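Biologist: I'd like to learn how to read a model like this one, feature by feature. Could you walk me through it?

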Amino acid sequence: MTTSQLSVFFMIIYMLEFLTITGQSSLIVVALGREWVQTQRLPPADMILISLGICRFCQLWSSMLYNFGSHFHPNYNFWYFGIIWEFTNILSFWLTSLLAVFYCVKVSFFSHPVFLWLKWRIVRWVPRLLLGSLLISCVSTIFPATSYYIDIQFIAMKHFPRNSTMLERLEAFLWDFSTLHKVVVLVIPFLLFLASTVLLMALLSRHLKQMKDLHTGCSNSSREAHSAALRSLAIVLILFTFYFLTVLLSILDVLFNKESWFWAWEAIIYALVSIHSTLLMLSSVKLKRVLKARCWSLEAA
């Protein structure tokens, strides 16, 4: 296959992933939103899930508009869609890390007073933490927005060759600083996610080992539930780590020709997002119930 044929193939894969993730995000928002309207309350974990669903929905649309706009109109700068993507991508990292921290604090068992105090407070803090994640993402997007604007000015000023050397130095400095900024704002929430998930896995593994060694009265179903939770956490950890690495490599612009393999790289990134969204849906009892009801209705039809 030629490069153009491969691009078309991965473009189709990307569009299928776009439709899949859009459907997943819509289902999360509609199902949990309807539950919120009916019961007039929403559990903290569902608050984070519905926020992540809205964020992923906006992220996918901004990605699609930016990618296809840049592909079919390469001479036009769709920087505003790029800014929206930057914001939603940072926010999705913070929301994912917040969900990991919440589960770690709620499920873990420590007898230390500080941890017990945190475990009691975390439920009340979730709305404030969601607002904090939103504000951090907004602040983190200020520099990329400024950078996009300055890049446009640099392109316009290149027509005047008198200060070309100084402009090239400023542009190189801006690119380096912008890359460093993008890496840092993603590394911080990823490390929070990594620490929380690894700690939760270690605690669940130790608890499962104690159940087996002490031959407690716990049923097989309880041990199987712990094993299933460990497997799910391991898969989520691997998927989100791969997602972080692919986004990081895309930011650093290394290992591949971005023009030739752009659509293949986008297909890989959003395949990981789609699988991660599926696992998040399967981790929610309410969303699993909605999925089963949908499957039954399709079978009946």
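Modeller: Let's begin with one span: residues 125-150 are 100% helix and 0% strand, with the end C-alpha atoms 38 Å apart. Helices (H or I, at least four residues) and strands (E, at least two) are DSSP runs, numbered from the N terminus. Before we go on, this is a predicted model, where local features need pLDDT of at least 70, side-chain atom pairs count only at pLDDT 80 or more, and totals for chains, interfaces and linings use all residues. Residues are numbered from 1 along each chain as its sequence is written, and side-chain values use heavy atoms, with hydrogens and water left out.

Biologist: Which residues does the UniProt annotation "transmembrane region" cover?

Modeller: UniProt positions are given in the numbering used here, feature names are shortened, and annotations may be inferred rather than shown by experiment. The unreviewed UniProt entry puts "transmembrane region" on residues 6-33, 78-105, 125-150, 183-204, 233-256 and 262-282.

Biologist: How do I read burial, and what percentage of the residues count as buried?

Modeller: Buried means under 20% relative accessible area, exposed over 50%, and partly exposed in between (1.4 Å probe, protein chains only). Of the 301 residues, 40% count as buried. The accessible areas come from the Shrake-Rupley method with a 1.4 Å probe, and for residues only the protein chains shown count as cover. The protein exposes about 17300 Å², and carbon and sulfur atoms supply 70% of that.

Biologist: Which residues form a nonpolar patch on the surface?

Modeller: A patch takes residues with over 30% relative accessible area and no salt bridge; like charges are joined within 9 Å, nonpolar side chains (Val, Leu, Ile, Met, Phe, Trp, Tyr) within 5 Å. Here Val8, Ile12, Leu16 and Leu19 make up a nonpolar one, with about 380 Å² of accessible area together. Leu19 sits in helix 1 (residues 3-39) and is exposed, at 53% relative accessible area.

Biologist: What about salt bridges: how many does the count come to?

Modeller: Side chains of opposite charge can pair when their charged atoms come close. The rule asks for a side-chain nitrogen of Lys or Arg within 4 Å of a carboxyl oxygen of Asp or Glu, and the count is 1 salt bridge. Glu86 pairs with Lys182, their closest N and O atoms being 3.4 Å apart. Glu86 is in helix 3 (residues 79-107) and Lys182 in helix 5 (residues 164-213), so the pair ties together parts 96 residues apart in sequence.

Biologist: Is Glu86 buried or exposed?

Modeller: Glu86 is buried, at 8% relative accessible area, while Lys182 is partly exposed at 21%. Leaving aside residues up to four places away in sequence, Glu86 touches Thr141, Pro144, Tyr148 and Lys182.

Biologist: Last one: how many disulfides does the structure hold?

Modeller: A disulfide is a pair of cysteine sulfur atoms within 2.5 Å, and the structure holds 0. For Cys55, the nearest cysteine sulfur is that of Cys58, 7.1 Å away, which is too far for a bond. Cys55 is buried at 4% relative accessibility, whereas Cys58 is partly exposed at 36%.

Terms used. Contact = heavy atoms within 4.5 Å.
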